[in-house]
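Good morning, everyone, and thank you for making the time.

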Amino acid sequence: MNHVNSKSLFDAAQKVIPGGVNSPVRAFRSVGGNPLFFKGGEGAYLIDADDNRYVDYVGAWGPLILGHGSPLVVDALRKQLDQGIGYGASTEAEINIATKIVDIVPSIEKVRLTTSGTEATMSAIRVARGYTGRDAIVKFEGCYHGHADGLLVKAGSGALTLGEPDSLGVPKAYTNLTHVLPYNDAQAVEDFFSKHGDTIACLIVEPIAGNMNLVPPVPGFLETLREVCDKHGTVLIFDEVMTGFRVARGGAQEVYGVTPDMTCLGKVIGGGLPVGAFGGRTDIMNMIAPLGAVYQAGTLSGSPLAVAAGICMLDAISQPGFYEDLGARAEKLMTGLKSRAAKAGIPFTTNQVGGMFGCFFSEEDTVTTFSQVMACNSDHFQRYFHLMLDGGVYLAPSAFEAGFISIVHGEAELAATLAAAENAFTALAS
Ligand SMILES: *Cc1c(COP(=O)(O)O)cnc(C)c1O
């Protein structure tokens with residue numbers, strides 16, 4: 001497979017863009033080689049600058065649950081374009097999307113739109129601090145909540161990929177207020193809260209961790225978070241930027257039946273455009289300006305284009321059977337990958353919830369902790385990544401990212417992926 005054009009674009013990009021990329025996870029640092037440049041996306045496929053086609057399992061890092069260039073989303077955007085791009089003032093469409101979010105996610109009574117997931121988590125935490133009058137927060141190791149200062153502590157995703165869980169430029173005074181606990185360890189949470197619970201403004205968690213590869217919560221973990229937060233007057237924030245509308249229509253909170261006080265959203269609700277949202281209980285959300293004294297704002301928040309795409313997305317995923325269908329495709333892929341790895345004698349296991357999955361080169365049957373993720377065979381992953389790329393399959397260029405499937409990944413794409421994987425596993429074994 002020829003990557004000449006991608007290579008020269010990368011050379012040019014590096015001269016004017018730090019590292020040649022506008023977000024570090026796009027670089028191929030952890031897998032080696034040069035990142036690809038893309039010029040198109042069609043349904044389940046990405047087309048790179050050298051006209052190579054790949055079955056895509058990144059989906060723009062989650063949003064493209066309807067596939068690339070979904071005619072539904074494109075039509076909605078065209079209709080809005082005819083009426084203007086943005087007004088910096090209120091629109092009826094904002095009420096429509098807020099109403100849909102409130103209907104779909106029962107724990108959200110009021111919601112505010114932002115332009116990114118980072119803004120959503122940052123703002124939710126500020127509101128929780130304002131509401132409780134407390135400063136300290138709790139997060140979990142390997143969970144990524146965007147790149148706000150106080151959250152870049154033992155964060156996953158690109159921060160893990162680069163081996164820099166903490167960032168330069170983040171004042172120690174900020175991160176002193178962030179306590180980090182091990183994910184899926186209910187006992188550690190109980191112990192911590194029994195000592196410090198009454199000083200904690202909020203506990204923020206990815207209810208399914210998707211930035212240290214994919215690690216679902218073990219039974220009882222989310223329930224424990226709910227209990228300790230209730231006991232200590234701490235605001236429980238589910239960061240569903242990745243899992244919202246991705247693992248089920250109502251997100252991880254619907255799957256596990258645990259109700260947070262606040263929820264952060266992003267990715268899927270934008271349909272591929274820049275959108276985030278945070279919402280929750282009315283008494284908490286009413287703390288925000290102009291009603292309350294917690295300031296939060298955004299020039300492009302509620303952008304009519306993003307809202308148009310979002311509404312169309314929420315309608316599409318509300319079709320009966322959407323998530324059963326999506327989940328069945330992902331499950332079929334995981335079963336197929338595991339059987340091919342087993343046949344080749346490669347230690348390999350998977351996690352999957354709805355339209356999200358994780359693949360692990362691990363000796364263990366199930367992966368439920370950050371340390372198990374870190375113990376996976378990174379050499380196998382690197383080689384597998386490039387073998388799959390050569391086989392026409394685009395995976396996230398890091399072992400710490402979840403995989404995403406879309407509703408237009410059909411039989412042909414799954415078969416092509418499994419054929420590429422069979423070759424890759426065989427090559428790894430030899
Ligand atoms: C992607 C992500 C974010 C950050 O969203 P951006 O739009 O990249 O700022 C926050 N939380 C989680 C769980 C995410 O997956």
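Let us start at the ligand, which is surrounded by Ser 116, Gly 117, Thr 118, Tyr 144, His 145, Gly 146, Glu 206, Asn 211, Asp 239, Val 241, Met 242 and Lys 267. Please keep in mind throughout that what you see is a predicted model. If we sort the residues of this shell by class, they divide into 3 nonpolar, 6 polar and 3 charged.

A polar side-chain atom of Asp 239 lies 2.6 Å from a nitrogen atom of the ligand, and a polar side-chain atom of Lys 267 lies 2.6 Å from an oxygen atom of the ligand. Gly 117 takes part through its backbone, where an N or O atom lies 2.8 Å from an oxygen atom of the ligand. How much of the ligand does the protein bury? Taken alone, the ligand exposes 380 Å², and 82% of that is buried by the protein.

Let me now step back to the chain as a whole. Its secondary structure comes to 15 helices and 14 strands, and its C-alpha atoms fill a box of roughly 60 × 55 × 50 Å along the principal axes. A compact globule with 430 residues would have a radius of gyration near 22 Å, and the protein chain, at 21 Å, therefore agrees with that expectation.

Two or more lining residues are given by helix 3, which spans 92–104, and by strand 4, which spans 110–114. The largest share, 4 residues, comes from helix 3, and by class the lining divides into 11 nonpolar, 10 polar and 2 charged residues.

As for cavities, how many of 30 Å³ or more does a search of the whole structure find? The search finds 2. The largest cavity holds about 220 Å³ of space, and of the 20 residues that line it, Phe 357, Cys 359, Phe 381, Leu 395 and Glu 401 lie nearest its centre. Helix 12 (322–344), strand 12 (356–360) and helix 14 (378–390) each supply at least two residues of that lining, which by class divides into 14 nonpolar, 5 polar and 1 charged.

The second largest cavity has a volume of about 50 Å³, and among the residues lining it are Asp 56, His 68, Arg 246, Phe 404 and His 409. Its lining has 3 nonpolar, 6 polar and 2 charged residues.

Finally, two details of the backbone deserve a moment of your attention. As background, most residues other than glycine have a negative phi, and most peptide bonds are trans. Trp 61, however, has a positive phi of about 70 degrees although it is not a glycine, and this residue lies in the loop between strand 3 (53–56) and helix 2 (71–81). Which two residues does a cis peptide bond join? They are Ala 289 and Pro 290, with an omega of about 10 degrees, and Pro 290 has its place in the loop between helix 10 (282–285) and helix 11 (304–317).

Conventions:
Residues are numbered from 1 along each chain as its sequence is written. This is a predicted model: local features need pLDDT of at least 70, side-chain atom pairs count only at pLDDT 80 or more; totals for chains, interfaces and linings use all residues. Side-chain values use heavy atoms; hydrogens and water are left out. A residue is near a molecule or strand if one of its heavy atoms lies within 4 Å of it. A polar contact is a pair of N or O atoms within 3.5 Å; within protein, one must be able to donate a hydrogen and the other to accept it, and residues adjacent in sequence count only if both atoms are side-chain atoms. Accessible areas come from the Shrake-Rupley method with a 1.4 Å probe; for residues, only the protein chains shown count as cover. Ala, Val, Leu, Ile, Met, Phe, Trp, Tyr, Cys and Pro count as nonpolar, Asp, Glu, Lys and Arg as charged, and the others, Gly among them, as polar. The radius of gyration is taken over C-alpha atoms; the globule rule is 2.2 Å times the number of residues to the power 0.38. On a 1 Å grid over the protein atoms alone, a cavity is a set of points where a 1.4 Å probe fits but cannot get out, and a pocket is an open set with protein on both sides within 12 Å along at least five of seven lines; lining residues have an atom within 4 Å of a point. Grid points are joined across faces, edges and corners, and a volume is the space filled by probe spheres set on the points.
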